[in-house]
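Good morning, and thank you for joining.

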Amino acid sequence: MALQVDDLKVYYRTLHGDVQALDGVTFAIGDGEIMGLAGESGCGKSTLGNSLVYLTGRMKYVSGTVTLDGAVLPIWDFDAMNPHRFKHVSVIPQYAMSALNPTRRVGKMIKELLHARGIPYKSVSDELLRRLELVGLGGEVLDRYPIELSGGMKQRVVMVLSTLLDPSLLVADEITSALDVSTQKAVAELLVEFRERSFVKSMIVITHDISILSQIADTILVMYAGHLAERASAKVIIESPRHPYTRLLISSLPEVGIRYDDKRLVGIPGTPPALLDPPTGCRFKDRCPLAYEKCAEQPPFVEVSPGHSVACWRETP
Amino acid sequence: MSVMLQLDDVSKTYKVGAFGGQRLVAVRDVSFDVAAGEVVSLIGESGSGKSTIGKMILRLSPVTTGAIRFDGNDVSRLKGRALKEYYRRVQGVFQDPFSSYNPIFKADRVFKMIKDEFFPHVARSEWEQKLEESLDAVSLDPVQVLHKYPHQLSGGQLQRLLVARALLLDIRFLVADEIISMLDASTRIDVLNLLADLKARGLGVLFITHDLSLGNYISDRTVILRRGLIVEMGATAKVFGNPQHAYTRMLLASVPQLHRTWEEVATELETTPVEAIDSRLKVAYARTAAALEHDDPTDSALVEFEDGHLVRRYESAAGRTAPVAGEAA
Amino acid sequence: MTDARTSEPLPAVIPGAPKAAGATAVHGAPSTSSFREALHFALRNRKLMFGVGITSFMLLFALLGPLFAQHPPLEYGGKLSLAPTTHDGYWFGTTLLGQDVYAQFVTGLRLAFVVGALGGGIAAVIGMLVGFTAGYRSGIVDEVLNMLTNVVLVIPTFALLLVIASYLKVRGITTESIFIGVTSWPWAARALRAQTFSLTSREFVSLARLSGEKSWKIIFKEIAPNMSSYLFMMFILLFGGAILIAATLDFIGLGPSNTISLGMMMQLSVQNAALQLHLWWWFLPPGLAIMAIVGSLYVMNVGLDEVFNPRLRSM
């Protein structure tokens with residue numbers, strides 16, 4: 001198993017207490033697997049993805065272990081994580097393409113970044129150029145300023161940069177959200193291409209857009225309010241989900257071909273619970289049409305069929 | 001159905017560069033109409049000019065050339081009192097629910113603004129009843145949403161409040177500019193269904209979006225916009241079911257679908273025949289966006305392919321229309 | 001699709017209200033009154049309390065001090081170069097020419113606050129008018145106002161004042177305040193223009209227009225309140241700046257011709273070699289007073305910035 005996460009808990013510090021954003025998640029990803037991490041805002045997917053690479057100022061590691069390729073990742077220690085970042089685990093943060101320094105040419109920025117990591121530019125420049133060609137950008141993009149590049153081009157530069165040292169695990173956080181639909185497709189296909197060429201071994205693709213995941217992910221992990229709801233292969237999640245949340249979510253997605261006049265889709269009433277003082281038991285019970293008395297106790301995330309895990313009392317025998 | 005809003009060769013040109021020397025054409029000769037009780041989707045990617053059109057209809061941005069007619073009257077240059085009257089009939093809802101509210105005031109202040117400007121003499125009890133009716137029409141519970149600050153409400157609730165605000169004015173036309181793109185997946189469909197309810201009440205809706213699946217779900221007619229020009233328009237079922245222009249096809253091929261892979265969709269599109277529009281023209285299907293890059297159809301016209309379904313002639317990379325097989329070039 | 005312009009990703013803390021994808025959460029704390037929250041932090045901010053304390057003390061001194069002056073400030077009555085003494089009410093001693101330093105000091109102190117309020121006020125008003133208009137209405141109006149701002153910015157105020165001074169036989173404190181106000185507004189206008197510009201592009205302004213609100217109403221009811229902390233801090237800076245500019249002008253001899261101010265006291269003391277004659281009581285009080293007022297105003301501003309901007313507060 002490439003990545004093993006055991007009962008990871010990461011909270012956010014606020015003036016009013018700790019927000020329990022990630023409240024005990026356990027899962028594993030195999031070598032070469034692209035796992036989609038789906039869920040709505042506030043479910044903890046970004047927290048999960050980011051905590052594997054670095055904990056920002058407000059994030060507080062509470063408990064749990066993360067193991068990558070057999071070695072424990074010291075995610076609670078910012079400095080101890082340094083040798084792992086970029087080389088073993090890498091992240092494409094949300095809004096990365098908007099965070100490129102506007103006063104630096106792309107090439108200079110890359111040089112500075114590599115220098116900061118103690119990597120001589122000469123040793124990777126050939127590979128860098130090769131990969132830029134591969135994603136459809138010529139070497140001349142290194143001489144441009146970020147403002148001269150389109151959204152898709154910037155995203156591709158960021159993708160090449162994040163995977164330059166062939167990390168074992170890549171975390172891609174909402175990298176297709178701000179792009180046009182045609183560029184989205186190109187970027188998503190590039191992710192798969194990276195995996196095919198072994199630039200990256202495994203990937204966690206975080207997004208709220210399940211349809212993109214249906215195209216590129218091998219497995220999908222659905223989160224709700226800081227907990228895991230369901231995990232299965234992409235096909236199973238989309239065609240035969242078992243958790244009530246997943247089922248309601250999938251059925252509320254409009255598709256090309258479905259028209260209101262033919263079939264009126266329904267959303268999920270209500271809103272997710274606040275995580276500052278989360279309710280006990282299953283966190284979806286207030287919105288769940290199948291809730292009953294047992295839901296007052298938190299359901300465990302268990303395997304109900306090979307490769308398919310659900311956290312729901314209705315599904316666990 | 002009677003035509004409510006009509007755009008007539010509307011163009012928008014910006015002056016850019018130092019001293020305003022250069023010109024940027026954002027919208028070029030756009031003409032289409034929306035009837036009462038009809039939802040028209042305006043679909044385009046970024047830079048297509050769709051939001052600019054929305055702003056021009058709402059008079060938030062001036063029209064450079066052309067006319068926008070509402071109930072037959074040209075509204076593209078309205079000012080002052082006449083403009084205020086126009087706003088009683090036409091309103092808009094925008095993309096970012098949190099930016100649409102002044103963060104230092106409570107969310108229901110938007111209702112107060114309407115009352116102060118349009119209904120200053122209405123009695124308080126009567127106004128409260130009107131409010132309740134509007135909130136009911138958008139399925140919001142007054143207890144949950146009134147007297148709260150914007151950051152205490154969800155994006156979906158905020159967007160629905162904005163629709164309720166528009167309904168207070170008894171509007172007849174709504175411009176919905178990407179109103180659900182910043183909402184969570186589970187709340188999107190509720191707001192979308194709300195737009196369909198408005199349609200049932202006889203309102204005309206212009207639904208501006210970049211997401212084809214949403215457009216397909218809710219609209220009667222679709223207008224596909226590319227770089228300020230309409231490339232295809234017609235009944236939604238026809239445009240999506242039998243896309244003729246290369247750009248439309250490319251868009252459809254790029255939308256990720258839940259139950260079909262990209263390859264399956266692309267194959268299906270490729271095998272769908274492209275009809276000859278007339279003997280001298282033929283629309284060629286371009287597999288790559290690169291071919292579209294050379295497409296600059298500023299001089300070509302929109303041609304009616306079948307009843308109500310218009311397509312813009314597509315120029316090939318050679319700069320001329322692709323000839324029909326067997327014909328001399 | 002998420003919007004690429006958000007602040008740091010704060011988690012959902014509001015009961016029952018999740019954030020929409022990518023939206024900003026105002027301040028991240030579920031208080032209904034941001035004023036009360038600001039007050040809470042204000043009272044605990046050392047810089048702010050320090051600044052307010054010193055300024056209030058000086059203001060009190062300016063208001064009540066003249067009641068205790070026993071001699072008119074410009075009268076040449078007392079002994080020459082007298083050191084501070086309780087005798088005859090010369091608490092701050094006398095000048096080389098026998099004038100009561102205390103009386104001059106408290107008069108100057110009052111004038112300083114008047115110049116600050118009047119000069120700073122005029123600059124604030126002009127800055128607001130120009131800045132709001134230029135930021136709200138882009139296009140030709142913006143270009144013209146920008147040009148105006150830049151022109152006023154580069155006018156050499158010293159040369160201008162010399163020209164004016166040569167034409168006016170008598171210059172009062174009002175003239176000086178007006179002059180300061182009319183020449184120090186450009187930077188305020190620029191800053192306000194930038195803020196207004198960014199707020200105008202927010203959709204609640206479009207919504208206000210769609211509600212039929214007139215432009216003026218929108219600027220003052222929708223946009224300005226969003227900048228209230230910024231406007232407050234700006235006024236404090238203009239106030240302090242006006243006092244400093246007045247002191248500088250007075251020091252080089254371009255002050256009011258019919259009264260005495262702190263800067264003029266310093267000018268006269270230097271002219272009359274007070275430093276060499278060790279008449280420290282003549283130049284030290286006015287110098288320290290100017291330093292205290294302007295310095296405490298700036299410190300106050302830094303503290304205010306921390307109060308208003310949640311990100312600068314330590315957790």
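This is a predicted model: local features need pLDDT of at least 70, side-chain atom pairs count only at pLDDT 80 or more; totals for chains, interfaces and linings use all residues.

Let me begin with chain B. This chain has 12 helices and 12 strands. Of its 329 residues, 48% count as buried. If we take the contacts in chain B between residues at least 6 apart in sequence, 65% of them join residues at least 24 apart.

Chain B is divided into two parts: domain 1, covering 3–105 + 168–240, and domain 2, covering 242–329. The contact takes 14 residues from domain 1 of chain B and 17 residues from domain 2 of chain B. On the domain 1 side, at least two residues each are supplied by helix 8 (212–218), strand 9 (221–226), strand 10 (229–235) and helix 9 (236–241) of chain B. Which of these elements gives the largest share of that side? Strand 10 of chain B does, with 7 residues. By class, the side of domain 1 that touches domain 2 in chain B has 9 nonpolar, 2 polar and 3 charged residues.

I turn now to the contact of chain A with chain B. Here 28 residues come from chain A and 30 residues from chain B. On the chain A side, helix 5 (181–196) and helix 6 (210–216) each supply at least two residues. That side of chain A comprises 12 nonpolar, 10 polar and 6 charged residues.

Finally, chain C. In its helix 6, residues 173–183, the buried positions are I173(C), E176(C), S177(C), F179(C), I180(C), G181(C) and T183(C). What do these buried residues pack against? Their partners in chain C are helix 3 (101–136), helix 4 (140–154), helix 5 (157–167) and helix 10 (228–251).

Let us look at one of these partners, helix 3. Two packed helices are described by the angle between their axes and the distance between the axes. For helix 3 and helix 6 of chain C, the axes come within 7 Å and cross at roughly 35°, and the crossing is right-handed. Helix 3 of chain C contributes residues including L111(C), V115(C), L118(C), I122(C) and I126(C), while helix 6 of chain C contributes, among others, I173(C), S177(C), I180(C) and G181(C). The residues of this contact between helix 3 and helix 6 of chain C divide into 11 nonpolar, 4 polar and 1 charged.

Note on methods. Residues are numbered from 1 along each chain as its sequence is written. Chains are lettered from A and ligands numbered from 1 in the order in which they are written. Two residues are in contact if their C-beta atoms, placed from the backbone, lie within 7 Å. Helices (H or I, at least four residues) and strands (E, at least two) are DSSP runs, numbered from the N terminus. Ala, Val, Leu, Ile, Met, Phe, Trp, Tyr, Cys and Pro count as nonpolar, Asp, Glu, Lys and Arg as charged, and the others, Gly among them, as polar. Domain bounds come from an automatic or database domain assignment. A residue is buried if 20 or more other C-beta atoms lie within 10 Å of its own, exposed if 12 or fewer, and partly exposed in between; C-beta atoms are placed from the backbone. Axes are lines fitted to C-alpha atoms, for helices over the stretch in contact, and angles run from 0 to 180 degrees between N-to-C directions. A crossing is left-handed if the near helix is turned anticlockwise from the far one by less than a right angle, and right-handed if clockwise.
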